[in-house]
Amino acid sequence: MVAVDVINFQDSDTPLHRKKQETDTYVLWSGPPWTLTEQGTIHPFRKTHKSFLGKFVQEFNLVASDRRSWKILLFGVMNVICTACLLMWCNSTNSMALTAYTYLTIFDLFSLITCLMSSWVTMKKPSQLFSFGFERFEVLAVFASTVLVQLGALFILKESVERFVEQPEVHTGRLLVGTFVALFFNLLTLLSVKNKPFVYVSEAASTSWLQEHVADLSRSLCGIVPALSSFLLPRMNPFVLINLAGAFALGITYMLIEINNYNAVDTASAVAIALMTFGTMYPMSVYSGKVLLQTTPSHVIGQLDKLLREVSTLDGVLEVRNEHFWTVGFGSLAGSVHVRIRRDANEQMVLAHVTNRLHTLVSTLTVQIFKDDWTRPSLVSGVLPAATLSASDYGGASGFLPPASSKQAEELDPLTSTPTKPSSPPPEFAFNTPGKNIQPVVLPSTHQHRPYNLGGGLGVGAGLGMGARLPSVQGYRTSFSAAPHRYGSNLLPSQTSQYRP
């Protein structure tokens, strides 16, 4: 709680003193106290929250600051004017085919917006919220553009089915003019503005059925005119192809209506343009959708497997596991991998080699190094209880301890419990189990039992001329299991007797 005194001096003789308390104010002040002159509630850490419109204007100014974006904005304004004119001509001609072709001009507007989005992505740097950058925004823009055009094609198909029932009259006054205007502007936009996202998607996505059919004709044509091979082979640009095919369908429509007054061909041309549009955009929607789902591209899987095999053969690498790779944006691959290395390997050296191998494909890579190291669980050792009998009380201190191994001369490795030889390399695998060369630990029993001696010091010992006493087996337990006594277990005092001569 911070108390702020507000003193107001008026013209009257009696000064007025008011004290105001604010319970929701937190002030961090490092200066002298007399410099604190703020009155009322103090919010030193308040963040200014901009509205969505304010943020949009700020980002738009950032994009407009680049001169390369002015060309895109100019084509965008021209596209809006051209689309408005074409929609008015569609209404005046009552042509469904021209409406379907106008949707390609609207798609050009979406492609220009995607191009602006790509320019904005290159200007933005990764933030704490978007650690991989803003490349997925252009992927989302491509996916939205292609899906919206496909929805427009479905709308054209629905309207065409209704027109087949009752075919209206089509006016051809501005039909041919609108076709040439739309074709000219679409080709001008496609060839003048370099749209990197759509160029990449058109090359990486699978071919459409229209491209496959045109490719067969292109091979035959290039056999006659080889100069066209650079333009038609291996496959034609899908956007240029759909515009040329739509203009060709509208040209046939205009001639048939003018010659035979066959209005139904307009609806048939609209269906054809809608099907070609849907078939062209569908592979691009599938490809961009897979990128949004963070899948690994099929054409990169073989190369990644080859690189992972090369990484597994590097010096010091024992295992490569938990590898995961996904696409962040168009042509941008991210991934993470866990690498297990030997204990004597240099972590930084292995990390540098792994990153160098995978960086050719994976631009954003996270490598986690696991060293093949482990710690043996410590055996509990301490002072025995006072009432516990020691091993010497059972007959012999060292006569019944396990014999020492014949390889005691060899030095034991404390981490692997295996003999260390100067000529052999350290073992690469270690398991969390005691080795065979560790001496078993013998702990006395927690119960007090009377030692079971044969002859009480005389008996057999005197008869054989030996003074050593045999310890009872029941007085020992291993440190790993509490096995029951085999001899003399839980015997009553009446069942035990001593041999007397």
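Residues are numbered from 1 along each chain as its sequence is written. In this predicted model, local features need pLDDT of at least 70 and side-chain atom pairs count only at pLDDT 80 or more, while totals for chains, interfaces and linings use all residues, and side-chain values use heavy atoms, with hydrogens and water left out.

Me: How are helices α7 and α9 oriented to each other, roughly parallel or roughly perpendicular?
Reply: Helices here are DSSP runs (H or I, at least four residues) and strands are E runs of at least two, numbered from the N terminus. The axes of α7 (residues 209-224) and α9 (residues 238-260) come within 10 Å and cross at roughly 80°; axes are lines fitted to C-alpha atoms, for helices over the stretch in contact, and angles run from 0 to 180 degrees between N-to-C directions. Angles under 35 degrees count as roughly parallel, over 145 as roughly antiparallel, 65 to 115 as roughly perpendicular and the rest as oblique. Therefore α7 and α9 are roughly perpendicular.

Me: Which residues of α9 make the contact with α7?
Reply: Contact means heavy atoms within 4.5 Å. From α7, the contributors are Leu-210, Gln-211 and Val-214. On the α9 side they are Pro-238, Leu-241 and Ile-242.

Me: Which strands are at the edges of the open sheet?
Reply: The sheet has 3 strands in the order β3-β4-β5, with mixed pairing; two strands pair if DSSP finds at least two bridges between them. Strand β4 (residues 332-341) runs antiparallel to β3, joined by 9 bridges. The strands that pair on one side only are β3 (317-329) and β5 (364-371).

Me: Which helix lies across β3, β4 and β5?
Reply: Helix α4 packs on the sheet, touching β3 and β4, and its direction makes about 55° with that of β3. Another helix, running at about 145° to β5, spans residues 347-358. The helix lying across β3, β4 and β5 is α12.
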